Amino acid sequence: MHRFLVKLSSSSSPFSNQLRSLKNQRLILPLLPSSKPFTSSSVSPPPSPLNASNRFGYPYSADLFRNLSPLNPNSRILGVNGITSSRCISSEAVRESIEYDVLIVGAGPAGLSAAIRLKQLSQEKNIDLSVCVVEKGAEVGGHIISGNVFEPLALDELLPHWRQEHAPIEIPASSDKFWFLTKDRAFSLPSPFDNKGNYVISLSQLVRWLGGKAEELGTEIYPGFSASEVLFDASDKVVGIATKDMGISKDGSKKENFQPGVDIKGRVTLFAEGCRGSLSERIIKKYKLREEVNAQHQTYALGIKEVWEIDESKHNPGEVIHTLGWPLDPKTYGGSFLYHMNDRQVALGLVVALNYHNPFLNPYEEFQKLKHHPAIKGILEGGTVLQYGARTLNEGGFQSIPYPVFPGGAIIGCSAGFLNVPKIKGTHTAMKSGMLAAEAAFGALHEGLNMNTYWDNLRDSWVWKELYAARNYRPAFEYGLLPGLAISAMEHYVLKGKVPFTLKHGKADHEATDLARKWTPIVYPKPDGVLSFDVPTSLYRSNTNHDHDQPSHLRLRDPKIPEKVNFPEYAAPESRYCPARVYE
Amino acid sequence: MPFLFDESSSPSFRSRNQNCLLLHLFCCSRPMKILVAVKRVVDYAVKIRVKPDKTGVETQNVKMSMNPFCEIALEEALRIKEAGFAKEVIAVSIGPSQCVDTLRTGLAMGADRGIHVETNSIFLPLTIAKILKSLADVENPGLIFLGKQAIDDDCNQTGQMVAALLGWPQATFASKVVLDKDKNVATVDREVDGGLETLNVDLPAVITTDLRLNQPRYASLPNIMKAKSKPIKKMTVQDLKVDIKSDIEILEVTEPPKRKSGVMVSSVDELIDKLKNEAHVV
C-alpha cells in the first residue's frame, strides 16, 4: 500500500482541481516491497512537493519521524505527521492521511453546533476554513437518544431563524406534571420544572436537521467512521484521530473487504463524543484535566427509553410528566419521564443513577416494572412500542467539569459534562459549549489567540451561571431521598444556588456498589409481552445490528476480574446492569 | 494495455483477480461499459412498520441505504473492471432526490459515474425495466448488473424484465461470474432450488446477483471524498421517453396477522378433531 498525502483546501472547487491535477501527475509513491516488514526506519519521507508545509503553514517536518524505535507488534507507537503504525504490522501499515483546519469528533448537538458556528464565522470574516466532522453512527442522528424537552436558548443564538427553516421542533411543552409514585398510587406534587417556552422533540431528528444545516454551510460530515485512536505529535500535542480499520473478522484477521483506517488531522481537534466518550476519557486522563481545576470525578446515570404510539384519546401533545419514587428505593436516585410528542407518540423512560448500592438492582427490569404502574399503564394501554434504546448521562454537573482545553484542541458537550441535572437538560448547554469552542478555535487559527479563550468564555457565559446555580441539587441526594427533596425544595424556592458552599459528590459510582451478601436478590416479574418485554424483544426494537464476523466490541482489561471479584463478591452485577445484556 | 492499479484498491484485490479468469487479462477487444442499477431502500436492520393510513411502509425519518443485493451487483461490476475487462462502471438509480446519496455511496465504492432518474412516484418493476432499457439503448453497456431483488418489495422481476425488453440473455441468482472476453461469453453459476446451474451467456447480457457472489467492499474515507467530484447526470422519465402508466395499483398495505400461540393437544383424536373442525384442513 502506498502512502497518499492529500492536502485539502477549504473550498471545494480548488480541491477538485487539485485532485484532478494530482491524478494527472500520477503522484503514486513507490510501493513498499512486500518482503520487507514495515519498520519506521525503512520508510523515508516521500519525495513529494506536498511534504513541505501546507497552505496554512502547518509545519510538517519529516525529520521528527526519524528517531522512532523499531516497531514491536504488541506496542502501539503513536505516529508522527501522517505515519501511524496500526496494530497489524505489514507492508500496508502506511495509512492515508487527510488534513483539515478543524476536526470534530462526533456529530451530535455539540459537534454540529461547533461546525455551524465555525462556518458562520468563516463566512462573516471571509476566511475559508475546512471543517470535518466524523461520526461513528451509520447516519447523522443514528446514535442520538434523549428524552427530550428542548430549551431553544442556544439554538436561538446559533440559527435565529430556525422556526422558518423547517426545524423538527414543533410541539411546545404544554404542561408540567410531577408525580411521586408508590406501588399503587401517584401523588401530584408541585412541579420543580418550568418548561414554558420549551419543546418536546426527538433529538435524533433535530440532529439530523442540524447535520443538513452544517452541510449546507460547507462542513464535510462523514458518518460511518469511528475514531479509534488519538494522534499525537512529538511534543505530545493532539494532531487528529485515526479511524478504525474495517473488515476485520472475529479472530482479528483481515477479511476480503478489509479497508485500513485513515488518519484525519486537524490543526484544532474538538472532541464531541457525548457522555463518557472513549477518546475524551483518554485525553482527560492523559492531560490530567480534572486535577488541573480540582474537579471531582464524574458521576453517571443510565437512561432507558422507549417510544410508544398510543391511543389518540390518551395523547396530549406537549404534556410533560416526571416522576420520582417507585419503583426505585429511597436510597437510589432516579426517576422517570413521559413526554407526549407528535404523531400520537410518547417518549417514556427511566433514569437510574449509577451509584446505587444494591448489586442486584437491574435498571432494565425496574423500567419494565414502572410501565405497570396504574398511572403509566393507563397511558400506554392499547398502544405499541416503536423503539427502544439506552444511554448513560452525566450527573456530575458543575463539580465535575474538567479543564476542557488540551494542547491541540478542546472537549465540548457531554464529553466534558455540561448537563443541568435538576433540569435534566444538557442539549442547550452542549450546543453552547460547541459554539464557544468554535469561536475560540477560530480565534486560535486566524487571530493567533489561544484555545484557552474557550475556558474563559465558558465561565463568562450563561452555561456557567446555570450550572453553578444547579450545583447543589444532585449532591443533596447523597443524604437520602427525603432530605434530598427537602434541600432541593430549599434550593429551588429560596436559595437558588446562592449559597457560599458547594456540596460534594459521594464516592465514585463504581465504589458505591455494595457487597452482594448484604442484600437479597430482587425477584422481578416476568414480562407480559404487552407492556413489559424481555431484553431480546427490546433489542430488536433498538435497530442495532452487528455483523457476526466482527471482533468483540468489549475488551476487558483483565478478563480474570469477573471471576475473581464480580461473581463472588457482587454476584456478577454486569449481568444485570447492562440494558442490552452484553455481558453474559 | 498496461494494468493500472486504482489507488484505492488494496493488495488483496490482486489475489482475487488471480482467481478470476486472468488468461485474457491484457486483452480488451472492445472497451466495455457495465451498467449497474441500484435501489434506495429501507435499511435491512430497521424494524419496519406500516403507516397508519395503510398506504405503505413508514419511510419518514427511517434509515435508508443501498439494497444489499445491489451492493453485491456493484461490487461484482467493480471487480470485473479492476480485472481489466471493462473500462467504465455506471451506477443508475431511479427515485426521489435522496437517491443521490445512494449513488454517491456507489461512486465511493468505485463506480465512475452515476445517473439519477428523478421521480417522486413509486415505480413498479416493469416501469423500472423500461427506464433501464432506454438507458441501455443510450449507453450500450456490455453487461447490466442488478441485485436479484429489492428487500422492500421482494419482487425479483426487474432484471428478468430488462433482459426480455432488450432481447438479451439473462443469468439470474448469480453466485459466480467468469468472463471470457475473447469469446464474448460469461459463465455464470446460478443458485437454483435444486442446487447450482452453470450457464454460458453471450454478451451483452443481464446478470442479477445473489448473496454468495461476493462481499461488497467498504467505501473508504478518501474514496468518499473523491466521489464528490464524480459526475451524476440527472434525467427525467420524459427525457427517456418512457411510458410510465402502471397496470398495477396498490390498494392497501397491512401487517401480517399476529401469529397465534400454539395449543397443546392431549391425544391424537383431539388433534384430528381440531384439524377438522377448527382449522378446516382435513
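**A helix with a buried face**

Analyst: Let's begin with helix α5 (residues 278–286) of chain A, where A:Leu279, A:Ser280, A:Ile283 and A:Ile284 are buried. Buried means under 20% relative accessible area, exposed means over 50%, and partly exposed lies in between (1.4 Å probe, protein chains only). This is a predicted model, in which local features need pLDDT of at least 70 and side-chain atom pairs count only at pLDDT 80 or more, while totals for chains, interfaces and linings use all residues. Residues are numbered from 1 along each chain as its sequence is written, chains are lettered from A and ligands numbered from 1 in the order in which they are written, and side-chain values use heavy atoms, leaving out hydrogens and water.

User: How do you know where the buried residues of α5(A) lie around the helix axis?

Analyst: Looking down the axis of α5(A), its buried residues fall within an arc of 140°, so they line one face of the helix. The arc is taken from the directions that run from the helix axis to the C-beta atoms.

User: What covers the buried residues of α5(A)?

Analyst: The cover includes β10 (227–232), β11 (238–243), β14 (263–271), α6 (289–292), β20 (405–406) and β21 (409–411) of chain A. Just past the end of α5(A), A:Lys288 has a positive phi of about 50°. The helices (H or I, at least four residues) and strands (E, at least two) are DSSP runs, numbered from the N terminus.

User: Why is A:Ser488 called buried?

Analyst: Its relative accessible area is 12%, and the label asks for under 20%. A:Ser488 sits in helix α13 (residues 481–495) of chain A. Once neighbours within four places in sequence are set aside, A:Ser488 is in contact (heavy atoms within 4.5 Å) with A:Tyr473 and A:Phe477.

**An open sheet in chain A**

User: In what order do the seven strands of the open sheet in chain A come?

Analyst: The order is β7-β6-β16-β17-β18-β15-β19, with mixed pairing. Two strands pair if DSSP finds at least two bridges between them.

User: What makes β7 and β19 of chain A edge strands?

Analyst: Each of β7 (186–188) and β19 (384–394) has a single partner strand, so one side of each has no neighbour in the sheet.

User: How do you know that β15 and β19 of chain A pair?

Analyst: Pairing needs at least two bridges, and strand β15 (residues 300–309) of chain A has 10 bridges with β19(A), in the antiparallel sense. One example is A:Leu302, whose bridge partner in β19(A) is A:Thr392.

User: Why is strand β16 of chain A described as largely enclosed?

Analyst: Seven of the seven residues of β16(A) (residues 319–325) are buried, so the rest of the structure largely encloses this strand. On one pairing, strand β6 (residues 175–181) of chain A runs parallel to β16(A) and is joined to it by seven bridges, with A:Ser175 opposite A:Glu319. On another, β16(A) and strand β17 (residues 334–340) of chain A are antiparallel over five bridges, where A:His322 has A:Phe337 as its bridge partner.

User: Which helix lies across β18 of chain A?

Analyst: Helix α7 (residues 363–370) of chain A lies across β6, β15, β17, β18 (345–353) and β19, at about 135° to β18(A). Such axes are lines fitted to C-alpha atoms, for helices over the stretch in contact, and angles run from 0 to 180 degrees between N-to-C directions.

**Chain B and confidence**

User: How many strands form the open sheet in chain B?

Analyst: Nine strands do, in the order β9-β8-β7-β10-β6-β1-β4-β5-β11, again with mixed pairing. The edge strands β9 (195–202) and β11 (232–235) of chain B each pair on one side only. Strand β7 (residues 170–180) and strand β8 (residues 185–192) of chain B pair in the antiparallel sense over six bridges; B:Lys176 is partnered by B:Asp189 in β8(B).

User: What pLDDT does chain B average?

Analyst: Chain B averages 88, and 89% of its residues score at least 70; pLDDT is the predictor's confidence in each residue, from 0 to 100. Over residues 1–9 of chain B, however, the pLDDT is below 50. For the model, ipTM is 0.79 and pTM is 0.82.
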